[in-house]
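Here are my notes from an afternoon of looking things up. Follow along with the structure beside you.

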Amino acid sequence: MKVSNSQWAEKLSGKMPEHLAREIDIFETEVALRKSGKIDERLFAETRLRKGIYGQRYDNGQRHNGKKVQQIPYPSGELTKGPSTMWDAPGMQRIKIPGGGMNAEQLETMADLAEEYSDGIAHVTTRQDFQLHYIHIDDTPSLMRRLAAANITTREACGNSVRNITACPYAGVCQDEAFDVTPYSRAMAKFLLGHPDVQNFGRKFKPAFSGCSQHACGLTSLHDMGMIAVTRNENGVEERGFETYVGGGLGAVPYHAKLFDDFVPLGELLPLTQAISRVFARLGEKKNRSRARIKFLIQDLGIEKFRELVLEERKTLPSDPRWAEFAKEGEAFQELPLHPGGKPPLLGTEKFQRWAKNNTRPQRQQGYVVVTIALPLGDITSNQLRALADIARRFTRETVRTTVEQNMVLRWVSQSDLVEVHKALEAAELAAPGAGTIIDVATCPGTDTCKLGISSSRGLAGELRKRLTEKNFQLDEAVNNLHIKISGCFNSCGQHHVSDLGFYGVSRKMAGYAVPHFQVVLGGQWENNGNSYGLPVIAIPSKNIPEAVSRLTGRYAENRKNGECFRDFTARIGKVELKKMLEDLTRLPADPSDRSFFSDWGDPREYGLSDMGVGECAGEVVSATDFGLAAAERELFEAQVAWESGQIKQAGEASYQSMLRAAKALVEIETPVVGNDSEEIVREFRARYFDTQKFFDPFAGGKFAEYLFAAHQNADRPYTQDSARYLIDEAQLFIDAAHNCYNRIGAPAIV
Amino acid sequence: MQLQHVNVKFLVQNPEEVDLEPLIPVFHGWIQEQPGGEELLLDIADYRHVPAGPGVVLIGHQGNYSVDNTDNRLGVRYNRKAALEGSNIECLKQAARAALLALQRLEADPRLKGKLRFNGRDVEVFVNDRLIAPNTEATREAFGADLRKFLQQMFRGGEFSVSYASDPRKLFTAFVKAAQIFSVADLLDALA
């Protein structure tokens, strides 16, 4: 699209690292070949994905405009950049920022790119990446060249490869860490980028580093590979290493990473990673994407067998001099302040005090603080990025990092500069208080731009942020410290599982209409590297979620005992009571003329209009399918309650039964007389909904139906705590998919 | 210097009174209608939560429309994305006309309750491509004559002042202030 595209290669010649320049040249050729039809669209899709170029919502060439599905007549006609992905459709560019570390020049580059190729906004993700939206594929080689000139690559930001390697943004300055993981995370990112052993995965692979086990900043529990810094004393000499975990992941069904080794010496970490990668590439699922993450391989093999295979593989690796160099990274790495450390300011305006309370954090090094810049929904403008670059130069040695809470931090700020830093941030509108508190809501893009989004996570996040900010200073301190995280669908990009109050988007049919909902997920834990996952309690219409938050936080403020955390509070109160508190919010407003529930936050189009049946009076029309699906939800809820009280067998059985109920509800739309025999239900469901693909999710395909088939096949096996937990999550997804299927097929309502 | 990717923004009066929320249904309506011409309207990006940000953006294929609050200067902006044939003055006129037509529709839309109105004299012109037009003295010199000709036509020979953004990292930016008050219709007539 940009007229200047043809000139950037020459303009930046000699300024880009040679290997990146060459890769981008090759990609540009591939773009040209695809345009002339000489590369298959599937191959091109994976090629661009490995460069971080994603599709975006409506890129299949059609969009529901609130009245009807509208075809989008893109100028390039039928030319595609992937299956059902139109060439001219705006896309998203993900940009890897290893460990979140950025200097001032990189901030300025991001500012320029957001302005020239996107819509003036750069977006920080929950994995420390940047994302630019509404990018035209023709502009991507220029965009990549400009990033490369600032020493940033988009390579393997997506696709079945090693994604951004994240690290605690406080590494090196944290009070509690064993040692600074920064140099090791960077060295691993460099080592794995384009490494031949990581090119043949069935799915993505996400590593993360943390300096300690007790804080959340690294979120190692929910990563494919998590490394926590530890030291041991060998003959009076302190040795550095990593407690290493594998097989964690959120996604539809969250898995906790399992301990692989409690101490991997520095010199062993890269070869171990290589060996893990080889085993994953060799044995991991390739055909069925929904079972292709390493967590499933480890679950199937068991951690012991997996470890055995990896260690055998390790023995076969040819030695690489970079392994030993890795161990020396820590010695070579040094981050220094610009100004001498100082004393905290004695005075300051009320505004300053309010900001400093949550947005500054003392460093390990006396006289310095880390300043957090709270970005609303992870968004920052081009002008703000340039202002931040100026501030980073003026007060630090350009020590800026992105965080998994979608914020940015400025490290090594002398306490004596703090008032001036605040003033400078205020001038750039970057001094919003409340970083890391309940108002600092994290969210994925959801229905705004993501093809998989079901509900408007950003719309809801914006609304909650607005409402909570209005009463922020009246909130109970314990409530203020809670976390809210929102995903637009079950895929968990908003990390809702590890939040005090988590939400993920689902749709439900009410009175014959599709209504955007969010599942309320409670009991997750952000601390301890995200070590506890919450469970869904109840699905509530999007428009009632603010009220649900108000009730839950209000009850917590009133009833918490002796400094009890939210997770312990919800466990004590119990899911039954929590559900009871929220149950009335599942209903539509009594006034049938109130149509607000049928659209989502920030989007006035009637939600899922094409799926609607004939309009009926709200709250009066209930079909047998509605009843059947509601019964399935009820049964699953009982399974959750059983699991939490340690009744593992009952939990597993009830989860399985809930899936059968949901399947039966769908089957009965087509054949009203079906018995309670599980064989018959599954057989009928398979024939009518799986084989015909009626049940298939537009993006996940038959994944959720396979959960039922697996549960049915394994119904006689004993349940473990883990397997019952996974089944609960799978059953929830199956029931959500059943609702979606029911919405899609638009069965006539029966009074 | 051949200009491309011109942006023109017309500032609104009493920006503190303008509520951006109703713009979302208004812009959805425009996508439904696809007002015609060559412009293909695609989607809406809502950045109301970002202070001094792009506001509400109607994403198009050839260009974006927005009620933009960059630098806390609220205005209706057109951002030309696709290349244009023609002289620099024609490129400037195209962007200005697109922004003015959008502004005219917004001024007339009852959902905005008459609160979004052109302030009559403040216009910003940007070139959204640093390679074509870096924010330098050389660009000002190369582009200044065409910009003045265009402004003279738009303001019907009336007086105006032009100043430029000083930060070389910013887009090439001209801040224009007309000496007298113009309506949107006046300006559109002048550019016809």
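I began with a definition: a residue is buried if 20 or more other C-beta atoms lie within 10 Å of its own, exposed if 12 or fewer, and partly exposed in between, with C-beta atoms placed from the backbone. The model is predicted, so local features need pLDDT of at least 70 and side-chain atom pairs count only at pLDDT 80 or more, while totals for chains, interfaces and linings use all residues. Residues are numbered from 1 along each chain as its sequence is written, and chains are lettered from A and ligands numbered from 1 in the order in which they are written.

**Entry 1: B:H5.** Is B:H5 buried or exposed? I found 25 C-beta neighbours inside 10 Å, so B:H5 counts as buried. I located B:H5 in the segment before β1 (6–12) of chain B; strands are DSSP runs of E, at least two residues, and helices are runs of H or I, at least four, numbered from the N terminus. Most residues other than glycine have a negative phi. B:H5 is not a glycine, yet I read a positive phi of about 55° there.

**Entry 2: B:Q34.** B:Q34 sits in the loop between α1 (23–33) and β2 (41–47) of chain B. With 16 other C-beta atoms within 10 Å, B:Q34 is partly exposed.

**Entry 3: chain A.** I turned to chain A and noted 24 helices and 26 strands. Its C-alpha trace spans about 75 × 65 × 55 Å along the principal axes. Buried residues make up 56% of its 751 residues.
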